[in-house]
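Please look through the sequence and the model shown below before reading on. The report that follows takes up a few side chains and their surroundings, one topic at a time.

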Amino acid sequence: MFQAGTALAEINYDGIVGPSHNYAGLSLGNIASASHKGDPSYPRAAALQGVAKMRGNLARLGVQGFFVPLPRPNLALTDALALDGSEAPQLRAAPWSASSMWTANAATVSPAPDTADGKCHLSPANLVTMLHRAQEWPDTKRQLDLAFGNRDHFTVHGAVPPTFGDEGAANHMRLCDGHGSSGVEVFVYGRPGGAFPARQHEQASRLVARAHGLDPARCVFVEQNPAAIEAGAFHNDVVSVANERVLFTHAEAFADQSGAYDAIRAAFPALEVVEVPSAAVTMAEAIRTYLFNAQLLTLPDGSMALIVPEECRESASVWSYCEGLMASNGPIREVIPVDVRQSMANGGGPACLRLRVVCDPATVDPRFLLDASKADLIEKIISETWPEQIDPSDISGSQANPALAAQVTAARAALLTALSLEELG
C-alpha cells in the first residue's frame with residue numbers, strides 16, 4: 001500500500017512485437033492499417049525495432065518494462081469461429097493478430113496516490129469493438145496478474161462488461177505535479193453513430209474510475225472530437241498525450257476544445273497546454289505522422305522529451321513545428337525520432353507500444369523489467385526464431401500455412417523459456 005514518501009517511478013511497459021505480426025487490415029477506422037492491408041510484413045524487423053526503442057528509453061530513464069506476445073494463432077478463437085476455409089479472409093486472419101504489441105490498449109492504470117485504498121489499480125481493456133482485439137484480454141490479464149502480483153501494492157480487476165467498449169490507456173491521461181504525487185485522471189470517450197466506430201464508451205470509462213476507487217472530484221470525462229475519429233484518430237492518443245503538468249494536443253482533439261481545458265483546469269489548476277494549431281499541422285498530417293502518438297517523458301534533469309516516429313522528421317510541416325517547439329521556452333525541450341515503421345504501417349506509433357505504470361519498481365515482478373543483458377537475449381531469440389516475412393496468404397488463405405503456425409508457436413515458446421516465463425505458455 002502506498003505511503004507518503006515512497007519512491008515511485010513511471011515504468012513504460014512495451015509490448016514485444018509478436019512473431020505473427022501481419023498486415024491483414026482488421027482495424028476499421030485505422031487509416032494506416034487499411035492502407036497496408038495485404039502487404040507483406042516483416043515480424044523480425046518489427047520486433048527488433050521495438051527492442052531498439054526500449055533500449056533508448058531505458059538509457060534515458062533508467063527503467064523499462066515489457067510484456068511478451070500472446071499465444072498465436074489463437075486456436076480457441078479458430079474453434080469458436082468454426083473456421084473451415086469458406087469464410088472471409090479477415091475472419092481467418094483474426095486468430096493470428098499480433099495486436100497485443102500495442103500495450104497502450106492492454107489496460108487502464110490508476111497509480112496508488114490516486115486511489116482510495118493506496119494501491120495501484122489495473123483494469124484490462126475488453127477491446128470488444130474489434131474481433132481481433134477482443135480475444136486479448138483474458139491472456140492480458142494473466143500477464144498483468146503475474147507482473148503485478150504483489151497484492152499489497154496492486155489490484156488487477158477483470159475487464160469491463162462487454163456491452164461497454166473499453167480501449168484502455170489509449171483513451172486515458174493523467175496530470176500531476178510529479179509521477180509520485182496525487183493526480184487528476186482524464187478519460188476520453190467517443191459518441192457512437194459516425195462512419196467509424198467510437199471505440200471508448202463513456203460508461204466504460206466511468207465504470208473503470210469507480211472500480212479503481214478514484215475521487216470523483218479528480219476525474220474528468222471528455223468527449224473526443226467526432227471529426228477526429230472520422231479522420232482516423234481511432235484513439236485519443238492519436239491526437240493528445242499528457243505528462244505531469246503538460247497536455248500536448250492538437251487543436252481539434254476534443255468535441256469542445258475550450259470546454260475540455262476548462263474542465264481539466266477545474267480539477268488541476270496547474271495544467272499547461274501545448275496546443276498545436278491546425279494551421280501548423282493539419283489533422284490529416286497529425287494522423288499520418290502520429291505526432292501525438294508519442295511518448296512524452298520526464299527526463300532525470302526534469303526536462304521533457306517527446307519520442308516521435310521517424311515519419312515526423314520526414315514531414316515538412318510536422319518537423320517545422322517540432323523545430324519551433326525545441327527552440328521555444330516551453331516544457332518540451334527535445335524531440336527524438338525513432339524507427340518503428342513496421343508498427344506504424346499497422347497504425348501504431350511509439351505511444352501505442354507502451355503502457356505507463358507508476359509504481360515502486362521493487363514491487364513488480366523483475367522478469368518483466370529490461371536491462372542490457374536481457375535486451376541482448378530478447379534480440380537473440382527474435383533474430384533466431386521470428387519469421388523474416390509473412391505474406392497475407394500465409395494466414396488468410398483457405399488453408400493457413402502449418403509450417404508458419406509451428407514457427408510462430410515455437411518462437412514464442414523460446415522467448416518464454418529464455419525469460420523464465422513458461423507459466424504463460
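## A charge over a ring

In this predicted model, the side chain of Arg206 is placed over the face of Phe221, and the distance to the ring centre is 4.0 Å.

## Aromatic pairs

A pair of aromatic rings is described by the distance of the centres and the angle of the planes. The structure holds eight such aromatic pairs. One of them joins Tyr13 and Phe148, whose ring centres are 5.2 Å apart and whose planes meet at 70°, so this pair counts as edge-to-face. The two partners come from distant parts of the chain, since Tyr13 belongs to strand 1 (residues 9–15) while Phe148 sits in the loop between helix 6 (137–147) and strand 5 (154–156), 135 residues apart. Both Tyr13 and Phe148 are buried.

Another pair is formed by Phe248 and Phe292, which is tilted, with 4.8 Å from centre to centre and 35° between the planes. This pair, too, links distant parts of the chain, with Phe248 in strand 10 (residues 246–250) and Phe292 in the loop between helix 10 (283–289) and strand 12 (295–298), 44 residues apart. Phe248 and Phe292 are both buried.

## An aromatic cluster

Tyr13 and Phe148 also belong to one aromatic cluster, which is made up of Tyr13, Phe66, Phe67, Phe148, Phe154 and Phe368.

## A buried loop residue

Asp365 is found in the loop between strand 15 (354–359) and helix 14 (372–385). Its relative accessibility is 14%, which is under the 20% cut-off, and therefore Asp365 counts as buried. When neighbours within four places in sequence are left aside, Asp365 is in contact with Leu146 and Ala147.

Definitions and conventions
Residues are numbered from 1 along each chain as its sequence is written. This is a predicted model: local features need pLDDT of at least 70, side-chain atom pairs count only at pLDDT 80 or more; totals for chains, interfaces and linings use all residues. Side-chain values use heavy atoms; hydrogens and water are left out. Helices (H or I, at least four residues) and strands (E, at least two) are DSSP runs, numbered from the N terminus. Buried means under 20% relative accessible area, exposed over 50%, partly exposed in between (1.4 Å probe, protein chains only). Contact means heavy atoms within 4.5 Å. Rings of Phe, Tyr and Trp (its six-membered ring) pair if their centres lie within 6.5 Å; planes under 30 degrees apart count as stacked, over 60 as edge-to-face and the rest as tilted. A charge sits over a ring if NZ of Lys or CZ of Arg is within 6 Å of the ring centre and within 35 degrees of the ring normal.
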